[in-house]
Amino acid sequence: MHRLFWQEQLEQYTPVTPRFVCTCSRLRTGHMLVTLGRAEVDSILAEQGVVSVTCDFCNALYSFDAVDVGHLFATGSSDLSHPGRRH
Ligand SMILES: [Zn+2]
């Protein structure tokens, strides 16, 4: 009887995966880099050839090379860096 009880207990101890889901994404990370500023990102690129960002929460790694960074600043920041853009 003892034994059965044990087994039941063990089965309920299956690891519970935390409900926490990180909301990070490559898009968000890219936005973060844009807010960091082109000069800052360029200096990292010059130094390391690639900008790698690791999420503090889920450890996801996002890396951006020169081409990615070019894209980021071409698309992501058009509304940030040209607030008074007119035609
Ligand atoms: Zn994350």
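1. Arginine 26 counts as partly exposed, because its relative accessibility is 37%. The scale runs as follows: buried means under 20% relative accessible area, exposed means over 50%, and partly exposed is in between (1.4 Å probe, protein chains only). This is a predicted model, in which local features need pLDDT of at least 70, side-chain atom pairs count only at pLDDT 80 or more, and totals for chains, interfaces and linings use all residues. Residues are numbered from 1 along each chain as its sequence is written, and side-chain values use heavy atoms, with hydrogens and water left out.

2. Which residue pairs with arginine 26 in a salt bridge? The partner is aspartate 68, and the closest N and O atoms are 3.2 Å apart. A salt bridge here is a side-chain nitrogen of Lys or Arg within 4 Å of a carboxyl oxygen of Asp or Glu. The pair links distant parts of the chain: arginine 26 is in helix H2 and aspartate 68 is in helix H4, 42 residues apart. Helices (H or I, at least four residues) and strands (E, at least two) are DSSP runs, numbered from the N terminus. Aspartate 68 is partly exposed, at 25% relative accessible area.

3. Arginine 26 has another contact to check. It lies over the face of phenylalanine 64, 4.2 Å from the ring centre. A charge sits over a ring if NZ of Lys or CZ of Arg is within 6 Å of the ring centre and within 35 degrees of the ring normal.

4. The whole structure holds 2 salt bridges. One of them joins arginine 38 to aspartate 42, with the closest N and O atoms 3.3 Å apart. These residues are 4 apart in helix H3, so about one helical turn separates them. Arginine 38 is partly exposed at 39%, and aspartate 42 is partly exposed at 31%.

5. Now the metal site. Which residues are the protein donors of the zinc ion? They are Cys22 (SG), Cys24 (SG), Cys55 (SG) and Cys58 (SG), lying 2.2 to 2.4 Å from the zinc ion. Donors are N, O and S atoms within 2.8 Å of the metal (3.2 Å for Na, K and Ca); water is not among the atoms, so sites may look incomplete. Along the chain, the zinc donors follow the spacing C-x1-C-x30-C-x2-C. Cysteine 22 lies in the loop between helix H1 (2-12) and helix H2 (26-36), and cysteine 58 in the loop between strand S1 (50-54) and strand S2 (61-65), so the pair ties together parts that are 36 residues apart in sequence.

6. Why is the zinc arrangement tetrahedral? The 4 donor atoms subtend angles of 100 to 115°. Four donors count as tetrahedral if all angles lie between 85 and 135 degrees. Cysteine 22 is buried at 19%, whereas cysteine 58 is partly exposed at 37%.

7. The largest nonpolar core has 11 residues, among them Leu33, Val51, Phe64 and Phe73. Such a core is a set of buried Ala, Val, Leu, Ile, Met, Phe, Trp, Tyr and Cys residues joined through side-chain atoms within 4.5 Å. H4 gives the most to this core, with 3 residues. Valine 51 is in strand S1 and is buried, at 2% relative accessible area.

8. A last point concerns the loop between S1 and S2, where asparagine 59 lies. Its phi is near 65°, a positive value in a residue other than glycine. Asparagine 59 counts as exposed, at 60% relative accessibility.

Conventions. Four donors count as tetrahedral if all angles lie between 85 and 135 degrees; four count as square planar and six as octahedral if opposite donors are over 155 degrees apart and all others between 65 and 115; anything else is irregular.
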